[in-house]
Amino acid sequence: MNLLIRNATAILTGLPGAAARHAGPDIRVQQGKIAAMGKLSPEPGERQIDASGCVVYPAWVNTHHHLFQSLLKGDLLGINATLTPWLAATPMRLRPAMDEGMFRLAARIGLVELALSGCATVADHNYHYYPDMPYDSSAILFEEADALGLRFVLCRGGGTLSRQKEGELPPASRPETLDAYLADIERLAARFHDSAPDAMRRIVVAPTTPPHSMRPQELRECADVARRLGLRLHSHLSETVHYQDSVFNQHGMKPVHFCESVGWLGSDVWFAHLVKLDADEIALLGATGTGIAHCPQSNGRLGSGIAPVRALEAAGAAVSIGVDGAASNEAADMLSETHAAWLMQRAKAGEATTALHRGGQGEADAAATTVEDVVRWGTAGGARVLGLPGIGSLAIGQAADIAIYALDRDPRYFGLHDPAIGPVASGGAAHLKVLLRGGNEIVRDGAVPGLDLAELGQQARAAVKRLLSSL
């Protein structure tokens with residue numbers, strides 16, 4: 001469908017520098033791509049979307065999630081825990097009790113939540129796999145994303161090791177063999193992977209966390225297979241000081257240096273979190289062009305800290321934003337996440353300032369992170385780490401993945417001198433008038449067409465009761 005977005009109040013493009021804003025006020029979409037931007041006149045047969053009073057962004061690109069956790073929010077045993085005890089209290093305890101129906105429902109809830117925030121591309125780090133599993137969790141995720149019309153990147157997690165004693169594990173928590181893991185990667189790549197720059201489906205090799213999920217030689221084999229198949233690599237890394245201690249105790253080196261030793265750095269690799277890094281690790285990540293999925297809300301919720309995102313970007317690392325799983329982030333949407341990213345990066349810079357009379361530089365650096373930076377990280381930055389150069393920005397020739405926010409329905413957006421920053425700076429949930437993915441309408445007037453949100457909520461409440469009663 002060809003369409004014309006007209007009279008936008010403001011447009012942020014996801015591009016760097018002076019190109020971060022476009023005067024518009026119109027955007028023409030033809031055959032799923034942006035054909036023109038500027039002051040445009042309607043053409044015969046062209047559908048028109050009135051964006052008067054609206055702010056237009058590229059659709060968000062979420063680079064790290066655990067969709068199955070959408071039924072594990074606010075678990076009382078893990079709500080106040082830090083990462084390691086939280087892992088045992090919540091996902092390790094509850095995931096084995098999930099059946100196929102629960103898994104599918106959780107995926108649907110998470111994808112709907114993301115779409116309603118303006119997200120059109122989702123990378124899910126799914127580690128719900130085990131030997132003799134009676135259903136295909138990978139296929140379910142693709143089916144649910146297809147049903148909503150979202151681009152979907154499956155980061156195939158799992159591993160050959162467990163943090164728990166294998167003899168004490170329920171069947172749904174048991175590790176796989178390396179042969180089984182790699183065979184499934186081959187199967188998934190043949191069935192789903194598309195190397196197009198605006199692909200709807202991608203496969204990524206993503207053992208759950210390097211030192212805990214696989215042995216060093218197994219990680220090297222995974223990297224070799226990924227590069228032979230043209231797949232990217234993803235995992236968790238350096239989320240906490242406990243993680244630093246664990247890697248040092250196991251391997252006698254820092255986490256980033258361990259990843260370098262097994263072939264897990266490069267422009268085809270990105271890691272979630274990277275909260276606890278030394279200066280030499282930042283330099284190495286930057287020099288290799290390795291990426292980060294910055295997850296500020298989960299890092300805050302678990303007490304992990306704030307990732308040194310600006311230092312990473314200055315060093316040359318690719319920066320993107322992920323919401324992480326809802327079991328450690330009960331607001332797993334891209335508007336909440338980008339709002340947190342903006343505030344936390346400024347707070348981190350401010351925390352590091354030193355008074356002039358003590359020999360410091362004062363407060364100037366605390367103002368360096370802008371809303372435009374955060375929009376770029378959450379859109380074009382995400383496209384970069386996923387290897388999808390055809391999406392993530394508003395420019396001629398790019399896929400028409402576009403979020404249009406109306407700021408006239410909530411008083412938190414009233415009185416803004418610069419409406420362009422509203423969806424990120426004001427927080428909350430700006431009303432999503434339209435979400436387009438490749439020119440196709442995914443969300444209209446704040447709703448997914450044909451979806452009964454009240455029924456979905458009812459299904460979720462019933463599933464949570466069933467999950468807890470099965471323990």
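User: Which strands form the open sheet, and in what order?
Analyst: This is a predicted model. In it, four strands form an open sheet in the order β4-β3-β1-β5. The pairing is mixed.

User: Which are the edge strands?
Analyst: β4 (33-38) and β5 (47-50). Each of them pairs on one side only.

User: And how many degrees does the twist average?
Analyst: From one strand to the next, the twist averages 20 degrees.

User: Let's go pair by pair. How do β1 and β5 run, and how many bridges join them?
Analyst: β1 (residues 3-6) and β5 run parallel, and four bridges join them.

User: β1 and β3: parallel or antiparallel?
Analyst: Antiparallel, over three bridges. Leu4 has Arg28 of β3 as its bridge partner.

User: What about β3 and β4?
Analyst: Those two pair in the antiparallel sense as well, over five bridges. Gln30 is bridged to Lys33 in β4.

User: What holds strands of a sheet together, in general?
Analyst: Strands of a sheet pair through backbone hydrogen bonds, and the pairing is either parallel or antiparallel.

User: How many residues sit between β3 and β4 in the hairpin?
Analyst: Two. Gln31 is in the turn, with a positive phi of about 50 degrees.

User: Is Gln31 buried or exposed?
Analyst: Exposed. Its relative accessible area is 76%, and the cut-off for exposed is over 50%.

User: And β3 itself, how many of its residues are buried?
Analyst: Four of the five, so β3 is largely enclosed by the rest of the structure.

User: What does the peptide bond from Gly24 to Pro25 look like?
Analyst: That bond is cis, with omega near 5 degrees. Pro25 lies in the loop between β2 (10-11) and β3 (26-30).

User: What do most peptide bonds do?
Analyst: Most are trans.

User: Where is Asp324?
Analyst: In the loop between β14 (318-321) and α13 (334-351).

User: Buried or exposed? I mean Asp324.
Analyst: Buried, at 4% relative accessibility. The cut-off for buried is under 20%.

User: New topic: β10. How many of its residues are buried?
Analyst: β10 (residues 201-205) is mostly covered, with four of its five residues buried.

User: How does β10 pair with β9?
Analyst: In the parallel sense, over five bridges; β9 spans residues 151-156. Leu154 has Ile203 in β10 as its bridge partner.

User: And with β11, over how many bridges?
Analyst: Two, and the sense is parallel. β11 covers residues 232-237. Val205 is bridged to Leu233 in β11.

User: Where does Ser173 lie?
Analyst: Ser173 is in the loop between β9 and α5. At 13% relative accessibility, Ser173 counts as buried.

User: Which residues does Ser173 touch?
Analyst: Met92, Arg95 and Pro96, leaving aside residues up to four places away in sequence.

User: Now the helices. How do α5 and α7 cross?
Analyst: The axes of α5 (residues 178-192) and α7 (residues 216-229) come within 11 Å and cross at roughly 15 degrees. Angles under 35 degrees count as roughly parallel, and α5 and α7 are therefore roughly parallel to each other.

User: Left-handed or right-handed, that crossing of α5 and α7?
Analyst: Right-handed.

User: Which residues meet there?
Analyst: From α5, Leu178, Tyr181, Leu182, Ile185, Glu186 and Ala189. From α7, they meet Glu218, Glu221, Cys222, Val225, Arg228 and Leu229.

User: And what is the contact of α5 with α7 by class?
Analyst: Eight nonpolar residues, four charged and no polar.

How values were computed:
Residues are numbered from 1 along each chain as its sequence is written. This is a predicted model: local features need pLDDT of at least 70, side-chain atom pairs count only at pLDDT 80 or more; totals for chains, interfaces and linings use all residues. Side-chain values use heavy atoms; hydrogens and water are left out. Axes are lines fitted to C-alpha atoms, for helices over the stretch in contact, and angles run from 0 to 180 degrees between N-to-C directions. Angles under 35 degrees count as roughly parallel, over 145 as roughly antiparallel, 65 to 115 as roughly perpendicular and the rest as oblique. A crossing is left-handed if the near helix is turned anticlockwise from the far one by less than a right angle, and right-handed if clockwise. Contact means heavy atoms within 4.5 Å. Ala, Val, Leu, Ile, Met, Phe, Trp, Tyr, Cys and Pro count as nonpolar, Asp, Glu, Lys and Arg as charged, and the others, Gly among them, as polar. Two strands pair if DSSP finds at least two bridges between them. Buried means under 20% relative accessible area, exposed over 50%, partly exposed in between (1.4 Å probe, protein chains only).
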